[in-house]
Amino acid sequence: MHDSEADTCRKEVLPKLNNAGWTDDLIMEQRTFTDGKIVVVGRKAKRKKAKRCDYLLRYSQNFPIAIVEAKSKYKNASDGLQQAKEYAQMLKLKFAYATNGQDIIEFDFINGKERMISKYPSPNELWSRLNTVEPVKEEIRGIFLKPFYPILHKEIRYYQQLAINAAVKAILEGKEQTLLTLATGTGKTTVAFQIIYKLWNNRWNLKNEYRRPKILFLADRSVLVTDPHAKDFAIFGDARCLVPEEGLSLAREIYFSTYQSLAENGSRMGAFRNLPKDFFDLIVVDECHRGSASDDSNWRTILNYFNPAVKLGLTATPLRDDNVDTYKYFGNPLYEYSLKQGIDDGFLAPYIVHRVITDIDATGFEPEAGQLDDYGRPIPGGTYSTNDFERILSILPRTKTVAKHLFNFMQNNGRADKTIVFCVDQEHADQFRQEISNLNRDLVQQYPDYAVRIVSEEGETGKEYLSRFMDIDENVPVIVTTSKLLSTGVDIPTCKNIVIFRMVNSMTEFKQIIGRGTRVREDKGKLFFTILDYTGSATRQFADPDFDGMPPRITEEEMDDNGDVIDVIEWQPEYPEDEQDTEHPEFKNADGGIELQEQEPVRRKLYLSSGVTVSIAVETVQIRDANGKLRTVQFNQYAKEQITTLFTSINDFRTKWNDLTGRKKILSELENRGVSVEQLMEVSKQKECDLFDLICFVAYDLKPITRKQRADLLKKNKPDFFSNYSWKAREVLDMIIEKYIDFGLSQIRPDIVLAPPISQIGNSKDIANEFGGIEEFIKAIENLQILLYVEAA
C-alpha cells in the first residue's frame with residue numbers, strides 16, 4: 001500500500017524541515033489562502049475549491065518566505081513544482097519547493113534557477129538570500145518583523161499581509177508618500193489598522209523619540225472616520241480622538257477627522273493651523289482618489305501644512321485619466337489588489353450586468369413643434385438624449401417604464417433583495433421611489449419603509465434609513481433611491497442589486513458605485529450581485545479588464561410597454577475611451593457629511609408627465625466566464641463552446657456519459673464553467689428533453705428526443721432487462737421510469753423507493769428483496785441508468 005500525501009508530509013517533510021531549523025511556529029501546514037472562486041450558474045452560485053498549500057514557511061509570524069508542495073512517495077517530486085511556483089507567485093514569495101519526501105526540488109525566483117537539493121535551507125539562509133534583492137535594513141528589522149495585532153475570528157488575508165508589510169517597510173525606510181490600491185470590499189480599513197497598530201505599538205516616530213507616534217486618519221466623509229474610530233480602532237481606547245466631536249486635543253495619539261472639520265472655510269481659519277507643522281508623524285488618507293491630491297484643492301493645503309509627516313494613501317481605483325493627481329502626489333502603489341483578483345480568489349462577489357435600453361434612450365426624444373411641458377413652457381427643438389433626461393428634461397413615463405422593469409426583475413429574482421438605485425438628482429430619486437413603491441403596494445402595506453429615498457435632504461431620517469439598510473439583520477428598507485450618497489464610503493454587505501439610472505462618466509466613480517455590491521455574505525445568501533444599467537454607463541466603464549475583469553454573460557431581452565420579455569437577441573458592446581466627468585460636484589458639506597452637495601441646473605427642468613410612450617427596447621445580460629472573460633454570445637452558444645472544449649466529439653462525450661462516475665463529473669465541470677443544465681433547458685426550450693439529448697442538441701446539433709421517447713425506446717429495445725424481474729419489481733421499475741419522464745434523470749436512484757407512490761408498494765427492504773436483495777437492486781438501478789442511453793448511437 002502506497003503512502004498518501006499526508007503520510008509523506010508527516011513522515012518525511014516535517015522532520016527534514018525541523019532538521020533545517022524550521023520550528024513549529026514557523027511552519028504553517030495545510031494552509032488555505034483563498035476562499036475559492038464563486039461561479040455563477042444561471043441565477044445560482046457555487047464555490048470552487050480554495051487554494052491550499054501543503055506548507056507555508058515563515059521567517060517571522062507575519063512574514064512568509066517560502067512554500068512547499070508535497071506529493072506521495074510513488075510520484076515524482078517535480079509533479080508538485082508547477083503548483084508550488086503558481087502559489088509562490090500569488091503570495092509574492094521568492095522560493096518554491098516540491099518534494100515526494102525523498103527528493104527535493106527548489107525553484108529560486110531571484111535567479112530563475114531550478115535545482116535538486118539534498119536538504120532544505122534554514123530560515124536565516126533564505127532571509128539572507130532574499131535580502132540580496134529585497135533588502136530590509138538592519139535598523140528597521142526589529143519593528144518590521146514584529147507581529148500584527150491578533151483579531152479574533154478575523155484572519156489576515158494574504159494580500160492584506162502583503163499590503164501591510166509593503167507599507168510598513170516603506171514608512172520605516174523614510175518614504176514620504178506611499179500608496180496602496182485595494183479594490184472595494186477587500187478590507188482597506190483592516191490594512192490601515194494593522195499598519196497603524198504596528199507603528200504605534202512599537203513607538204515609531206519621525207524624530208526617533210521614546211514616544212508613540214501622532215497619527216491622523218483623514219477622509220472626506222464622516223462615515224469613513226466615525227465607523228473605523230468606533231469599530232476597528234476601538235482597542236486604542238483614549239489614545240484616539242474623533243476631531244469633529246472632540247476637537248484637537250494635543251494629548252491624544254490617533255486622530256480621526258474629515259477634511260472639512262480641519263479645512264479653512266471662507267474667513268474661518270483652518271483648525272489644522274492650531275497645531276505645529278511637525279505635529280503628525282503619519283497621515284493616512286482614506287479614499288485618497290477623491291480630490292485630496294489636486295494642487296488647487298483645499299485638502300491639499302492640509303497635507304502641505306503637515307509637510308514633515310509621512311502620507312499613506314488608500315484607494316480602490318487604479319491609475320486612470322480622472323485620478324491622475326492622486327497618483328502624481330502619492331506615487332505608484334506599493335501593492336495593488338484588483339477586483340478581478342478578489343473575484344478569482346473568492347473574497348469578492350462576482351456580478352451579472354443587465355444593460356437595459358428604453359426606446360427613448362436608444363433613439364432620443366424630439367418634441368413636436370410648439371410642444372409645451374407640464375407648466376406650459378415651450379420645449380426647445382432638437383434631440384434630447386440620455387445625458388439630458390432628468391437634467392434638462394424630465395420624462396415621467398421613462399421613469400415609470402424603468403421602475404416597472406425593475407419591479408418585474410425583482411419579482412422574478414427576489415423582492416427582498418436589497419437594492420440601490422442611483423438617480424440623476426434628489427428630485428429624480430424621489431420620483432423613482434414613488435413609482436417603485438406604488439408598484440410594490442402589497443409589500444408597502446406591510447412594510448411602509450420598503451422603498452425609501454436617502455439623500456442629504458432627508459437629514460436624520462435619512463441617516464436612520466441608511467443605518468438600517470446597512471444592517472445585515474434588518475429586512476427593510478429593501479429598495480433605496482439616491483443620487484450620489486451611497487456611491488462610496490458605506491458598507492452594505494447584503495446588497496444584491498445595483499441600479500444605475502443616471503450617467504456615470506467617471507470610471508473612478510463607477511468603480512466606487514459597483515463596490516457597494518462586491519462584499520460576500522455567504523451566511524445571508526449573498527454570493528453574487530447584479531448591476532442593472534439603464535444608461536450604458538456600465539458598458540463603457542467596464543473597459544478595464546486588468547483591474548475589474550469582465551462579467552461573464554450577455555443576453556438581450558426585448559420588452560413590451562409593460563416591461564415583459566417578448567424576445568431574446570444578442571448584442572456586442574463597444575468600449576469607447578474613458579470620458580472625463582465634467583459635471584462631478586465638489587464636496588460642499590462643512591461638517592464632512594456623507595452626502596455630496598447636489599448640483600441642480602441653473603434653470604428649472606422641463607417636465608413631461610404624459611403624452612410620451614416609453615418601452616424597453618433591448619436588455620443585455622453580461623457575465624464573467626470561467627476564465628474571467630467577457631461573454632457576448634447567447635447562453636446556448638456559450639454552453640456549446642464549453643461542452644465542445646471538454647469533449648471534442650460526440651463519441652467522446654457519449655463514452656464519458658456512459659460511465660456513471662464520469663457523468664457526475666461532466667455535470668460538475670459544466671457548473672464550474674458557468675453552465676446550468678436547468679438554464680440550458682429553459683433557454684433552448686427543451687424542458688422535456690433528457691440531459692444527454694439536451695447536451696447533444698446544443699453542442700452537436702443532434703435532433704433532441706424527449707424523456708418519454710427515450711423511455712419508450714428502452715422498453716422496446718431492451719425487453720430482456722425487464723423480463724428478468726418479478727411483476728412487482730417490474731412495477732417498481734415502471735414507476736421509477738415515470739418519475740424520470742416527469743422530473744428527469746435525478747429520479748433514477750435507489751432511495752427513490754422512499755418517495756410516493758413507490759413507497760406505497762412496501763418498505764425499502766421488501767422492494768429490494770423483489771430484486772434479489774439490496775445489492776441486486778442497486779445493480780438494477782445502475783443498469784437502468786446505463787441502458788437508457790445504449791441506443792443513443
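In this predicted model, R468 counts as buried, at 17% relative accessibility. The cut-off for burial is under 20% relative accessible area. The side chain of R468 meets that of D449 in a salt bridge, with N and O 3.2 Å apart. This pair links distant parts of the chain. D449 sits in the loop between α16 and β19, and R468 in helix α17 (residues 459–470), 19 residues apart. D449 is partly exposed, with a relative accessible area of 22%.

The search of the whole structure finds 37 salt bridges. Side chains of opposite charge can pair when their charged atoms come close. One of the salt bridges joins R415 and D442, whose closest N and O atoms are 2.8 Å apart. Here too, distant parts of the chain are linked. R415 belongs to the loop between α14 and β18, while D442 lies in helix α16, 27 residues away. R415 is partly exposed at a relative accessible area of 21%. D442 also counts as partly exposed, at 44% relative accessibility.

A further salt bridge is formed by K496 with D417. The closest N and O atoms of K496 and D417 are 3.7 Å apart. D417 is buried, with a relative accessible area of 13%. Salt bridges also form a network, which links E106, D108, R115, E125 and R129.

Helix α15 comprises 14 residues, 426–439. At 1.5 Å a residue, α15 should span 20 Å. The N-terminal end of α15 is capped by D425. A side-chain oxygen of D425 lies 3.2 Å from the backbone nitrogen of E427.

The buried residues of α15 are Q426, H428, A429, Q431, F432, E435, I436 and S437. An α-helix has 3.6 residues a turn, so residues three or four places apart point the same way. The buried residues of α15 pack against several elements. Among these are the helices α14 (396–413) and α16 (441–446). The strands β17 (393–395), β18 (418–422), β19 (451–453) and β20 (479–482) are also packing partners.

Elsewhere, six strands form an open sheet. Their order is β1-β4-β5-β6-β7-β8, and the pairing is mixed. The edge strands are β1 (27–32) and β8 (113–117), each of which pairs on one side only. On average, neighbouring strands of this sheet are turned by 25° against each other, direction ignored. Within the sheet, β5 (residues 63–70) and β6 (residues 95–99) pair in the parallel sense. Five bridges connect β5 and β6. A66 stands opposite F95 in β6.

Strand β16 (residues 351–358) contains T358. T358 counts as buried because its relative accessibility is 1%, against a cut-off of under 20%. Its side chain makes a polar contact of 2.4 Å with the side chain of D361. Beyond its neighbours within four places in sequence, T358 is in contact with V402, V614, S615, I616 and A617.

Note on methods
Residues numbered from 1 in each chain as written. Predicted model: local features only at pLDDT ≥ 70, side-chain atom pairs only at ≥ 80, totals over all residues. Heavy atoms only, no water. Helix = DSSP H or I, 4+ residues; strand = E, 2+ residues; numbered from the N terminus. Buried < 20%, exposed > 50% of the residue type's maximum accessible area, 1.4 Å probe, protein only. Polar contact = N/O pair within 3.5 Å; in protein donor to acceptor, adjacent residues only side chain to side chain. Contact = heavy atoms within 4.5 Å. Expected span 1.5 Å × (residues − 1). Pairing = 2+ DSSP bridges. Axes fitted to C-alpha atoms, helices over the stretch in contact; angles between N-to-C directions. Salt bridge = Lys/Arg side-chain N within 4 Å of Asp/Glu carboxyl O.
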